[in-house]
Amino acid sequence: MHIGSVLTASASPPFTLITVFVLIGGALVCVGGRELRTIAWLRRHGIRVPGTVTGRSGGGNGTSAMVFEFVTREGRHVRTRQRVSTNFGLLREGRRVTVAYDPEDPRRAEIVEARATTAGAVLLLTTGSVFFLVGTALGVFSWIARPG
């Protein structure tokens with residue numbers, strides 16, 4: 001039996017489903033990749049100062065990001081939150097941490113010890129890649145199985 005006849009006999013996935021998988025996957029890859037790049041840049045090139053975890057900010061779906069504050073080298077007091085919300089690896093309130101911030105925009109900062117933020121960005125990137133690949137594979141198999 002020819003594989004094309006087997007695929008044609010089964011219902012091919014609708015174009016809308018394929019598009020949704022590819023678009024959602026692409027969006028998650030873009031967001032996860034951008035966040036991972038920003039976190040890496042801040043940890044490599046940001047100015048490091050001591051800071052304090054002051055609480056949590058809900059991100060939805062049971063996730064949250066740590067809220068933290070620090071004083072820039074210029075003496076400006078900044079209160080901000082982690083870039084990626086997660087439901088794991090949360091630091092306790094009052095903990096002293098090392099903060100890396102962008103001197104051009106101090107609100108763009110990251111807690112150096114917070115590995116959960118990196119893990120969250122990698123999870124977005126990985127999930128997006130899987131969605132994108134599944135959507136692409138569905139599209140290819142649907143194209144191969146089309147009649148004619």
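1. Helices here are DSSP runs of H or I with at least four residues, strands are runs of E with at least two, and both are numbered from the N terminus.

2. Please keep in mind that this is a predicted model, where local features need pLDDT of at least 70, side-chain atom pairs count only at pLDDT 80 or more, and totals for chains, interfaces and linings use all residues. Residues are numbered from 1 along each chain as its sequence is written, and side-chain values use heavy atoms, with hydrogens and water left out.

3. Of the 148 residues in the chain, 33% are buried (under 20% relative accessible area, with a 1.4 Å probe and protein chains only). Take the contacts (heavy atoms within 4.5 Å) between residues at least 6 apart in sequence: 67% of them join residues at least 24 apart.

4. Now to a pair of helices. Two packed helices are described by the angle between their axes and the distance between the axes. The axes of α2 (residues 15-45) and α3 come within 7 Å and cross at roughly 155° (lines fitted to C-alpha atoms over the stretch in contact, with angles from 0 to 180 degrees between N-to-C directions). That makes α2 roughly antiparallel to α3, a label for angles over 145 degrees.

5. Which helix holds Val 130? Val 130 belongs to α3, residues 115-144.

How values were computed
Buried means under 20% relative accessible area, exposed over 50%, partly exposed in between (1.4 Å probe, protein chains only). Angles under 35 degrees count as roughly parallel, over 145 as roughly antiparallel, 65 to 115 as roughly perpendicular and the rest as oblique.
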